[in-house]
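I opened this entry to record what I looked up, going from the whole chain to its parts.

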Amino acid sequence: MISTKGRYALRFLVNLSRLGKDGQASLKDIAAEEEISIKYLERIAGDLSKKGIVKGSLGKNGGYRLLKPASDINLYEILSAVDEELSPVACLKCGTPDCSRKDKCPTLPMWKEYGKMTRDYFSSISLSSLTGQIGTDPIEYYI
C-alpha cells in the first residue's frame, strides 16, 4: 500500500510539473492548493531535494522547481525518494535479514515476481503522463 507520504509526493510533483520546465512554486501555495500540511510538505520536499528531483530556492521569488523534465522522472523514482517500501512482503524489504525459510519457501518466487512487476509498473509511468503533457500517453493507458 502506498502511504500518504508517497501520495502527497506525487501530488506535489504533479503540481510542480504543470508549471513547465522553468516554473517554480512556493510550498505555501502548493500546500494550500493540494490541501496538504505545509510542515508535512516541507519534509517531502526535503526528501525529494536530497534525491535530486527538486530544488528549492529562498527569497522573495523563491520556491521549488523540478531539476529535470517531468518526462524523465518516473513514479518509482519518486516513491523511492520518499522511502516508500514497495516490497510485497517483509522478507523482501531492503536490509531485512534473510528468512530462515528462504530456501524452502514455495511462495517466495511468486512474491519476488510480484515485487518486480510493481517496480516495473511504477518505473514505466513518467510524471508527465500524470499531467497530460505533450508527447506522453495519459495515465489511463497504464490502468
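**The chain as a whole**

I began with burial, and found that buried residues make up 36% of the 143 residues in the chain. I note here that this is a predicted model. For the secondary structure I listed six helices and two strands, and when I read along the sequence they followed the pattern α-α-α-β-β-α-α-α. I then looked up the extent of the C-alpha trace, which spans about 60 × 35 × 25 Å along its principal axes. Turning to contacts in the chain with a separation of 6 or more, I saw that residues 24 or more positions apart account for 61% of them.

**The core**

I next asked which residues touch the most other members of the largest nonpolar core. Of its 31 residues, these are Phe-12, Leu-13, Leu-16, Leu-48, Val-54 and Ile-78. I traced where the core comes from, and found that α1 (4–17), α2 (27–34), α3, β2 (63–66) and α4 (75–81) each supply at least two residues, while α1 gives the most, with seven residues. As background I wrote down that in soluble globular proteins nonpolar side chains tend to be buried together.

I then followed Phe-12 and, leaving aside its neighbours within four places in sequence, listed its contacts as Leu-27, Ile-30, Leu-41, Ala-45, Leu-48, Val-54 and Tyr-64.

**How the helices pack**

I looked up α1 against α2 and found that they pack at an angle of about 115 degrees, with their axes 10 Å apart. Since angles of 65 to 115 degrees count as roughly perpendicular, α1 and α2 are therefore roughly perpendicular to each other. I also noted that α1 passes α2 in a right-handed crossing. At this contact, Arg-11, Phe-12, Asn-15 and Leu-16 in α1 meet Leu-27, Ile-30, Glu-33 and Glu-34 in α2. I sorted the residues of this contact by class, and they divide into four nonpolar, one polar and three charged.

For α2 and α3, I recorded packing at an angle of about 120 degrees, with the axes 9 Å apart, and that makes α2 oblique to α3. This crossing of α2 and α3 is right-handed as well. Here I found Leu-27, Lys-28, Ile-30 and Ala-31 in α2 meeting Ile-38, Leu-41, Glu-42 and Ala-45 in α3. By class, the contact of α2 with α3 has six nonpolar, no polar and two charged residues.

**Two single residues**

Last, I looked up where Val-89 sits, and placed it in the loop between α4 and α5 (108–123). At 18% relative accessibility, Val-89 counts as buried, by the cut-off of under 20%. I also checked Val-89 against Tyr-114, which is 25 residues apart from it along the chain, and their C-alpha atoms are separated by 9.8 Å.

How values were computed. Residues numbered from 1 in each chain as written. Predicted model: local features only at pLDDT ≥ 70, side-chain atom pairs only at ≥ 80, totals over all residues. Heavy atoms only, no water. Core = buried A, V, L, I, M, F, W, Y, C linked by side-chain atoms within 4.5 Å. Buried < 20%, exposed > 50% of the residue type's maximum accessible area, 1.4 Å probe, protein only. Helix = DSSP H or I, 4+ residues; strand = E, 2+ residues; numbered from the N terminus. Contact = heavy atoms within 4.5 Å. Axes fitted to C-alpha atoms, helices over the stretch in contact; angles between N-to-C directions. Parallel < 35°, antiparallel > 145°, perpendicular 65-115°, else oblique. Left-handed = near helix turned anticlockwise from the far one by under 90°. Nonpolar A, V, L, I, M, F, W, Y, C, P; charged D, E, K, R; others polar.
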